[in-house]
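Let's take a walk through a protein model together, one stop at a time. Have a look at the sequence and the 3D view before you read on.

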Amino acid sequence: MYVRDLDIRDYRSWSNLHIELAPGISLFVGRNGYGKTNIVEAVGYAAHLSSHRVNQDAPLVRQGAKNARISLTAVNQGRELTAHLLIKPHGANQAQINRTRLKSTREILGVVKTVLFSPEDLALVRGEPAERRAYLDHIIASRTPRLAGVKADYDKVLRQRNALLKSASAALRRGYGDSDGQSALATLDVWDQQLANLGAQVIQGRLELLDELGPLIAESYASLAPESRPAHVEYKSTVDVTDRSVIEAMLLTELAAKRNREIERGISLVGPHRDDLILNLGPQPAKGFASHGETWSYAISLRFAEFQILRQDGSDPILILDDVFAELDAKRRTKLVALATQAEQVLITAAVDGDLPDNLEPSVRFEVTVRDDEEGRISEIMQVSPTGDDDE
């Protein structure tokens, strides 16, 4: 898979950008803050409907613009599809494939698939459980868009259930002896059923993914850091997931057991939104015990395993390396380039040439600069030869 054509308008620092790409390595070089990461972020947004840098869409829209647009044409085993996204700072986004308007933006998932390495990946190891849950859920959404809808429905039910726990706290405490309490508890029972049903599907999807992903993570880490302790991962849930056939029943049982605590705290304490992917090195968790080098190796291993599992589904995802070489030592730079050469298309950003490993041979090079005008700072781009000379 590769992106042949990319067009973005009013996206962050870009007023208007149109570039043609091809298989191989495309290199974007520019100083920090010039907008090179915004280019690859736009490609990643089309793949995941989310940014790897912010949790909301409003920052993606250029200041003063009403909305942002991303259009790209992806080629997958000879078949071309063009995806269009309209991103609104407030309100529902819109999506289109070729000339067909989609009912939901989620229907665009799968047109393009990406795996992104960035400095933020250290949060996968050092950060909170939400980072690792998102890692699993993004892969699941890329492979099975239907489950992305299940996760979105679960999140919606979770928000409504939490709203009930907070707004009807007094009535819920009064219980069935009070008419308002009886009504609130009946509504809570409905949300419990939906939360358990959808939550069981989310957990099941994550466990099935880990069955495939776990060995790939361990293998990738061993190749990157053979001198280190062995890596292995495990899923930690708020319910017992030993018997996967009864996860929904286990969720309902645990929701009943925790009901009084949830009413007291006004928040849902059971479900996949509280689960975690535990990353271990030998007998210890990597978080808090891994060195800086081991942490980087683990983060790269997670992304490498993601790349491998997506390519097993039939085509290579687009590999994006966003300002990562500056963070790595020479050995890991070399190994990462070896990985990059396996992908059909690679998009790489770097601040300066000195950050790049000697064995990197890009097919095309773009230099990103900025200019200031009445609209503010605007990013600009120029294609040059891989050696840095302007193309004629």
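Predicted model: local features only at pLDDT ≥ 70, side-chain atom pairs only at ≥ 80, totals over all residues.

**A helix and a pocket**

Which residues of α7 are buried? In this helix, which runs over residues 247-257, they include Ile-247, Leu-251 and Leu-255. These three span an arc of only 75° around the axis, so they sit on the same side of α7. There is a simple rule behind such patterns: an α-helix has 3.6 residues a turn, so residues three or four places apart point the same way. Now turn the helix around in your viewer. On the face of α7 turned away from its buried side you will find the exposed residues Thr-253, Ala-256 and Ala-257.

Next, let's move to the largest pocket, which holds about 1800 Å³ of space. Its lining is made of 48 residues, and nearest its centre lie Leu-49, Ser-50, Asn-55, Ala-134 and His-138. Among the elements that give two or more residues to this lining are α1 (36-48), β8 (114-117), α3 (129-143) and α9 (292-311). The most comes from α3, with 9 residues.

What kinds of residues line the largest pocket? There are 18 nonpolar, 15 polar and 15 charged ones.

Finally, where does this pocket lie? Domain 1 (1-113 + 315-391) and domain 2 (125-313) both give residues to its lining, so the largest pocket lies between them.

How values were computed:
Residues numbered from 1 in each chain as written. Heavy atoms only, no water. 1 Å grid on protein atoms, 1.4 Å probe; cavity = no way out; pocket = protein on both sides within 12 Å on 5 of 7 lines; lining within 4 Å. Points joined across faces, edges and corners; volume = space filled by probe spheres on them. Helix = DSSP H or I, 4+ residues; strand = E, 2+ residues; numbered from the N terminus. Nonpolar A, V, L, I, M, F, W, Y, C, P; charged D, E, K, R; others polar. Domains from an automatic or database assignment. Buried < 20%, exposed > 50% of the residue type's maximum accessible area, 1.4 Å probe, protein only. Arc of directions from axis to C-beta.
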